[in-house]
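This report walks through one chain, from its overall layout to single residues. Keep the sequence and the structure in view while reading.

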Amino acid sequence: CAPAPSTMAELAATTELTALTDEASLTALGSGKVAVLFGADWDPPSQQLTQLLTEAASKKTYGTVTLATADADTCEALADAFDVEALPTLLLRENNTTVATHEAPSAALVNETLQEFAKRESVPTTPSDA
């Protein structure tokens, strides 16, 4: 999908919040801890959570967790790849593996979840020839 000028994309562009466009852009973030918010500009809860993540990204609120957004309307293939069925959806990934999914989370749940995710000990990467 092509990045469309949108509130989510514009907010992401002004901070260290990454606006994803496809699966390759997600893979490019690396194998660390990544939180992706799937939302849409027409959805008020998505807008609220995008603002929360934008502020958190600028303040490094969640330590080494990389924060990203994906517009489910313009990045439909990416949303489909992760079975996103509700907006907003928060996807937590570590070592390029999804470790948790939260559909329609509240701002409080997102904050609490990301704080716990940031503090959690990283799972070691398993060598591919093991």
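## Layout of the chain

From the N terminus on, the elements run α-β-α-β-α-β-α-β-β-α. That gives 5 helices and 5 strands. Helices (H or I, at least four residues) and strands (E, at least two) are DSSP runs, numbered from the N terminus.

The model is predicted: local features need pLDDT of at least 70, side-chain atom pairs count only at pLDDT 80 or more, and totals for chains, interfaces and linings use all residues. Residues are numbered from 1 along each chain as its sequence is written, and side-chain values use heavy atoms, with hydrogens and water left out.

## Totals

Of the 130 residues in the chain, 39% are buried. Buried means under 20% relative accessible area, exposed over 50%, and partly exposed in between (1.4 Å probe, protein chains only). The chain exposes about 6800 Å², and carbon and sulfur atoms supply 51% of that area. Accessible areas come from the Shrake-Rupley method with a 1.4 Å probe; for residues, only the protein chains shown count as cover.

Contact means heavy atoms within 4.5 Å. Among the contacts with a separation of 6 or more, 69% are between residues 24 or more positions apart.

## The sheet

The 5 strands form an open sheet with mixed pairing, in the order β1-β3-β2-β4-β5. Its edge strands are β1 (18-19) and β5 (97-103), each of which pairs on one side only. Two strands pair if DSSP finds at least two bridges between them.

Strand β2 (residues 33-39) runs antiparallel to β4 (residues 89-94), and 6 bridges join them. L37 has L90 in β4 as its bridge partner. Two helices pack on this sheet. Helix α3 (residues 44-59) touches β2 and β3 (66-71), and its direction makes about 150° with that of β2. Helix α5 (residues 107-119) touches β2, β3, β4 and β5; its direction makes about 0° with that of β4. Axes are lines fitted to C-alpha atoms, for helices over the stretch in contact, and angles run from 0 to 180 degrees between N-to-C directions.

How many residues of β4 are buried? The count is 6 of the 6, so β4 is largely enclosed by the rest of the structure. In a regular strand the side chains alternate between the two faces of the sheet. Both faces of β4 are covered: T89, L91 and R93 are buried on one side, and L90, L92 and E94 on the other.

On the β5 side, β4 pairs in the antiparallel sense over 6 bridges. E94 stands opposite T97 in β5. The hairpin of β4 and β5 has 2 residues between the strands, and N95 takes a positive phi near 55° there. N96 also lies in the loop between β4 and β5. N96 has a positive phi of about 60° although it is not a glycine. At 39% relative accessibility, N96 counts as partly exposed.

## Helix α5

The buried residues of α5 are V110, T113, L114 and F117. They cover an arc of only 95° around the axis, which puts them on the same side of α5. The arc is that of the directions from the helix axis to the C-beta atoms. An α-helix has 3.6 residues a turn, so residues three or four places apart point the same way. Cover for the buried residues of α5 includes β2, α3, β3, β4 and β5. The face turned away from the buried side carries the exposed residues A108, E116 and K119.

A cis peptide bond joins L87 and P88, with omega about -10°. P88 sits in the loop between α4 (76-81) and β4. A104 lies in the loop between β5 and α5. A104 is not a glycine, yet has a positive phi of about 50°.

S46 lies in helix α3. S46 is buried, with a relative accessible area of 0%. Leaving aside neighbours within four places in sequence, S46 is in contact with L37, F38, G39, A40, L87 and P88. The C-alpha atoms of S46 and D71 are separated by 9.4 Å, and these residues are 25 apart along the chain.
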